[in-house]
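Hi,

Here is the structure I said I'd pass on. Have a look at it first, and my notes follow below.

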Amino acid sequence: MSMKLLPPGAGDRERFLQNCIHCGKCAESCRFDAIKLTKGLDPLTAGTPYIDPKKAPCFLCMHCGPACPTGAISALEQKDADMGTAFLNKDQCFTYMGAVLCRTCFEKCPMRNTAIVLKNGTYPEITDDCVGCGVCHYVCPQHAITLISREQLQAKVRSEA
Amino acid sequence: MHINRKIVRRICQATVALSFIAIPWLNMHDIRFVTGNLLSFEFLKIPFADPLAALQVWVSTGHMAITPALGAMLVLTLAVAMGPVFCGWICPYGLMADLVGKLPPRRTTTPSSKAWYIKGTVALIVVGALALTGAPPLLNQLSLPGWYTRTMQMLWLYGVIPAGFWLLPFAACLDLGGGRRFWCRYICPQSLLLQLAGRILPYRFRVVYDPGRCICKDQSPSPCSQACPYGLDPRERAIHPECTNCGDCVVRCAHFGHALSQGFAKRQ
């Protein structure tokens, strides 16, 4: 299943779509070609940006916020990007399995030591500071990391409440 | 070759159309003195924005960021002084519509001044609905200059043509079947605010008619109204809201006594 994220700083999806005027400046400003523009004919979303973390995750360079003219994407710091969150499945992780000392997710995390820490200097652990950029999900050789978008996370919280 | 304003206008239109092919390419190579598309555009840090896009965001969210507000103001200021010159001199679809208008089945448009009011009412209802429902800026999806420039962005960025691009040939087919500038007159929502802005001041840049020099008073349709892409009669005293100041009538009139000229004059 392909999952789509909104650019960092987009916040609530409905508010974001109200403010986006489809100018594409965020996609042009993206240094990692992570931001794509919706192609279809749906008048509500055509031309609005999204990130497909399976193809190219967001590296939290935070260039898209300042490029956005309407404030649909707010100019924020990395820690406030709030795109979603990631979960590590320890049963699948090389390090936890004892197979090999892999720290790919830790090395590649744009917020390493904050969003991903190494417990006892060895075991990767995703903290509550994770903003869901999707880089660890993209690089994990074992596909042990699940990514959940902000929207899915909120739906889950609502259904549990 | 004599340089008349029709040639200048074609050069202007073509330059804009070609620039928007080049802009995404420049951006890709990190040259960013000019960014965006015709919905929101920035040149040397000066913002330009589609006034209708800014209006839609404003009514649907209740607030407006400074950049699009300033950009929309700049664009509207030009329209207050000169009417919807964007449509005749800048819009990439305007160039396409002008060229399509030259194709064989040359149906002259029947000048229906009511069309403008109908289109305005429909757009008003849609914008009003946005205020109530808080929906995204829907009218942007009907913007052909928007889709032309968005297509170029997507082509350079990902090598794909978005579905909205096909609105351009579709609109051209409508023009062929329904008369010149059919899309611009009856569907394009973007020109509305520019046309409204052109009606604010009592004085503005316009086509001026000197009846004393006119040698084809009795002709109907006159050569000037045949030259008009919208089929308007430039000899009317009040400016028609749709007149884009393209100047085609003035160029044609140069062969018929120089009765038409362009300049700042009373609107009525």
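Let me start with where the chains meet: 36 residues of chain B and 28 residues of chain A take part in the contact. Bear in mind that this is a predicted model. The two chains bury about 2,500 Å² between them, and 57% of that is on carbon and sulfur atoms. On the chain B side, the residues that lose the most area to chain A are B:P136, B:Q141 and B:Y158, which together make up 19% of what that side buries.

What about salt bridges across the interface of chain B and chain A? The rule finds one. As for A:K25 and B:E42, their side chains meet in a salt bridge, at 3.8 Å from N to O.

Next, the cores. The largest nonpolar core has 46 residues, and A:F16, A:L60, A:M83 and A:I145 have the most contacts inside it. If you skip neighbours within four places in sequence, A:I145 is in contact with A:A86, A:F87, A:L88, A:C105, A:I126, A:C136, A:H137 and A:C140. Another core, of 45 residues, lies apart from the largest one and includes B:V34, B:V75, B:Y93 and B:C188.

Last, a helix pair in chain B. The axes of α2 (residues 51-61) and α6 (residues 114-133) of chain B come within 6 Å and cross at roughly 35°. From α2(B), the contact uses B:L55, B:Q56, B:V59 and B:S60, while α6(B) brings in B:V127, B:L130 and B:A131. By class, that contact has five nonpolar residues, two polar ones and no charged ones.

Cheers

How values were computed. Residues numbered from 1 in each chain as written. Chains lettered and ligands numbered in written order. Predicted model: local features only at pLDDT ≥ 70, side-chain atom pairs only at ≥ 80, totals over all residues. Heavy atoms only, no water. Axes fitted to C-alpha atoms, helices over the stretch in contact; angles between N-to-C directions. Helix = DSSP H or I, 4+ residues; strand = E, 2+ residues; numbered from the N terminus. Contact = heavy atoms within 4.5 Å. Nonpolar A, V, L, I, M, F, W, Y, C, P; charged D, E, K, R; others polar. Core = buried A, V, L, I, M, F, W, Y, C linked by side-chain atoms within 4.5 Å. Buried < 20%, exposed > 50% of the residue type's maximum accessible area, 1.4 Å probe, protein only. Buried area = accessible area lost by both parts, 1.4 Å probe. Salt bridge = Lys/Arg side-chain N within 4 Å of Asp/Glu carboxyl O.
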